[in-house]
Amino acid sequence: MLINKNIKLLVVHCSDTEDNENLNAIDIHKMHLSFGWDGIGYHKVITRSGKIEDGRPEYWIGAHVKGKNDVSLGVCLIGKTSFTKKQFTSLERVLKKWKTLYPNAKIIGHKDIGNTNKTCPNFDVLTWAKNIDEYN
Ligand SMILES: [Zn+2]
């Protein structure tokens with residue numbers, strides 16, 4: 001079980017599926033089941049149209065970032081390289097809500113964890129997150 005005060009990282013991912021594939025949380029759930037996992041590994045999914053869908057509840061440890069699942073929450077943007085404006089608006093909404101609930105948590109991209117050779121989510125989350133902090 002995830003304990004609120006232990007949440008140190010809010011990790012942004014992408015589904016690494018083609019940008020024209022309009023997948024949703026159920027599709028990711030099926031994909032992760034097929035890996036032999038206990039279903040969807042993320043806590044939130046943001047579809048191409050910007051819809052925010054629930055994955056695992058926030059009290060359930062995710063399966064999205066090796067070695068850090070017990071101290072993090074994960075949100076996944078559907079797509080690979082080019083995300084929609086609506087997705088970024090929704091991402092901001094999810095992360096701002098999480099920041100109010102978990103004020104000590106830091107927003108990072110999956111690749112920023114350092115123990116992966118993945119490029120996920122294929123944009124610079126640190127710079128993006130800095131801008132939303134400054135202008136809002
Ligand atoms: Zn990832």
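**Burial, pairing and helix geometry in a predicted model**

Trainee: Buried residues make up 33% of the 136 residues in the protein chain. What makes a residue buried, partly exposed or exposed?

Mentor: A residue is buried if 20 or more other C-beta atoms, placed from the backbone, lie within 10 Å of its own; it is exposed if 12 or fewer do, and partly exposed in between. The model is predicted, and local features need pLDDT of at least 70, side-chain atom pairs count only at pLDDT 80 or more, while totals for chains, interfaces and linings use all residues. Residues are numbered from 1 along each chain as its sequence is written.

Trainee: Why does Gly 41 count as buried?

Mentor: Gly 41 has 22 C-beta neighbours inside 10 Å, so the count places it in the buried class. Gly 41 belongs to the loop between α1 and β2. Its C-alpha is 4.1 Å from that of Ala 63, although 22 residues separate the two in sequence. Leaving aside residues up to four places away, Gly 41 touches His 32, Gly 62, Ala 63, His 64 and Gly 74; a contact requires C-beta atoms, placed from the backbone, within 7 Å.

Trainee: What class do Asp 16 and Asn 122 fall into?

Mentor: Asp 16 has 15 other C-beta atoms within 10 Å and is therefore partly exposed. Asn 122 has 19 and is therefore partly exposed as well. Asp 16 lies in the loop between β1 and α1, with a positive phi near 60° in a residue other than glycine. Asn 122 lies in the loop between β5 and α3 and has a positive phi of about 70°, although it is not a glycine.

Trainee: What makes β4 largely enclosed?

Mentor: Six of the six residues of β4 are buried, so the rest of the structure largely encloses this strand. Ser 72, Gly 74 and Cys 76 point one way, and Leu 73, Val 75 and Leu 77 the other.

Trainee: Why is a set of residues called a nonpolar core?

Mentor: The term denotes buried Ala, Val, Leu, Ile, Met, Phe, Trp, Tyr and Cys residues joined through C-beta atoms within 7 Å. The largest such core has 27 residues, and Val 45, Cys 76 and Leu 77 have the most contacts inside it. Elements giving two or more residues to this core include β1 (9-14), α1 (25-34), β4 (72-77) and α2 (85-101). Beyond four places in sequence, Cys 76 touches His 13, Cys 14, Ser 15, Ile 28, Tyr 42 and Val 45.

Trainee: How do you know that the length of α2 agrees with its number of residues?

Mentor: The expected span is 1.5 Å times one less than the number of residues. The 17 residues of α2 should therefore span 24 Å, and its end C-alpha atoms are 25 Å apart, which agrees.

Trainee: Where do the buried residues of α2 fall around its axis?

Mentor: They fall within an arc of 130°, so they line one face of the helix; the arc is that of the directions from the helix axis to the C-beta atoms. Gln 87, Ser 90, Leu 91 and Leu 95 are buried, whereas Lys 85, Thr 89, Lys 97 and Thr 100, on the other side of α2, are exposed. The buried residues of α2 pack against β1, β2, β3 (52-54), β4 and β5.

Note on methods:
Helix = DSSP H or I, 4+ residues; strand = E, 2+ residues; numbered from the N terminus. Contact = placed C-beta atoms within 7 Å.
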